[in-house]
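Here are a few notes to read alongside the model.

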Amino acid sequence: MDNETLTITDNRTNQTYTVPIYRGSIRAMDLRQIKNGADDFGLMTYDPAFMNTASCQSAITYLDGEKGILRYRGYPIEELAEDCSFLEVAYLLLNGELPTQDELDNWNHEVMRHTMIHENLKKFMDGFHHDAHPMGVLMGSVAALSTFYPDARNISDAKCRRKQVVRLIGKMPTLAAYAYRHRLGLPYIYPDPELCYAKNYMNMLWKRTEPKYVANPVLARALEVLFILHADHEQNCSTSVMRAVGSSHADPYATTAAAIAALWGPLHGGANEEVLRMLDEIGSNDRIPAFIEQVKQGKRKLMGFGHRVYKNYDPRARIIKRVAEEVFQVTGRNPKIDIALELERIALSDEYFIQRKLYPNVDFYSGIIYQAMGFTPDQFTVLFGIPRTVGWLAQWQEMLVDTDKKIARPRQIYIGEDARNFVPLTQRGKRQLVTA
Ligand code: CMC
């Protein structure tokens, strides 16, 4: 409804204020008029983790955490994962509509034409130590792209923005594959634009001396589905970073590198790597109850469980569970799936998890598939970052043309010392050293 309002009484002054309600929210700036006196700054809201603060308006992804619903541009994730290619979904996220056949053909061609990276960037990647974490390599090399494309700074030009979007989506699998092969000391494989997005990535990862690498179609499809599921997830931590850094008008490569840094954290995309380590540590079903006990005592976290928004089964985890079975038909069963299934069964029937509405999230099962396909755990978050680049860029573009958007610059509640007089060094006396 258009003219809904909220009436607030300030009990400090007995004054009443009426503020408009817009799409179930009030504008924080409308609270500024609520003052306790002429010198008062005005009321603010305090929400350090954005628990109940909308930082933007977005038309890209819809998520209902209570009902376990996820839609891209209105389309249910289940249907997109069933019927689309990853680049088709990327087109949808970036442009708002599913492509026609011609549009898709052009888009595929355009992205795949930008999969090559500059030879100097290869040399730059060579400089990383042999055991550098692939996420560190990805973050560093994406940031380095900004030095290759200085035109990217022209973020107010829509044509220029689009060019960087295509470049980034095209180059991400190449950078990821080079990071992988660098680690193993294998020669880099040039991209093959004749292949689809996932098969080209697999080719760059796993081609050896055979004249033509042929990707297993079941594994290639599984990778496409996993990419689709990870492509966007509205205002998650890394996307919020993308928007915040982008709001300073930094170029999209520097901005994407910042988003990669956020994704790497174990509470966000880094969780898929942690889940595998956790399953390794648990080792067998009989050790699950003791592990769960530690979680309930607050000594550990059940990685891959819980979500800020989902208070129901993460629909992506449901799809991933099904994909896992398809992958195992090809690779053989990863025994960790049985530990994971039992862990889920025990957790979902335990009061601790029920009360807190903790369900498996996207990271709980994805690593088990990646491992079965031959990836090492330190590659898992890279596999999240490749498709999430599309979501980051869609949200970045949306943010830049949003007339409401200004540089992200939160307020704080100052809790430090009041003004005090400076004490010269010679008059400061002695203080006992505190060692950590
Ligand atoms: N294991 C054990 N307890 C948990 C877990 C967990 N995985 N997640 C939340 N809790 C408890 C938490 O201790 C708290 O309990 P209490 O009320 O007694 O203090 C309660 O549940 C609420 O948790 P919270 O930390 O306030 O919730 P949040 O919304 O701030 O955090 C989260 C969300 C995803 C960071 C958190 O659930 C978590 O750390 N999960 C494990 C890491 C993980 O799997 N991350 C991937 C998230 S999904 C994909 C992505 O974003 O990349």
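1. How far is an oxygen atom of the ligand from an N or O atom in the side chain of arginine 308? The distance is 2.8 Å. From glycine 269 it is a backbone N or O atom that lies 3.2 Å from an oxygen atom of the ligand. On its own the ligand exposes 930 Å², and the protein buries 72% of that (Shrake-Rupley areas, 1.4 Å probe).

2. A word on provenance: this is a predicted model, with local features needing pLDDT of at least 70 and side-chain atom pairs pLDDT 80 or more, while totals for chains, interfaces and linings use all residues. Numbering starts from 1 along each chain as its sequence is written, and side-chain values use heavy atoms, leaving out hydrogens and water.

3. The ligand is surrounded by 21 residues (a heavy atom within 4 Å). His268, Lys301, Leu302, Gly304 and Arg308 are the closest. By type, the shell holds 11 nonpolar, 6 polar and 4 charged residues (Ala, Val, Leu, Ile, Met, Phe, Trp, Tyr, Cys and Pro count as nonpolar; Asp, Glu, Lys and Arg as charged; the others, Gly among them, as polar).

4. Please look at aspartate 350 too, in the loop between helix H14 (336–348) and helix H15 (351–355) (DSSP runs of H or I, at least four residues). Aspartate 350 counts as buried because its relative accessible area is 12%, under the 20% limit. Its side chain makes a polar contact (N or O atoms within 3.5 Å, one able to donate a hydrogen and the other to accept it) with the side chain of lysine 296, at 2.8 Å.

Definitions and conventions: Helices (H or I, at least four residues) and strands (E, at least two) are DSSP runs, numbered from the N terminus. Buried means under 20% relative accessible area, exposed over 50%, partly exposed in between (1.4 Å probe, protein chains only).
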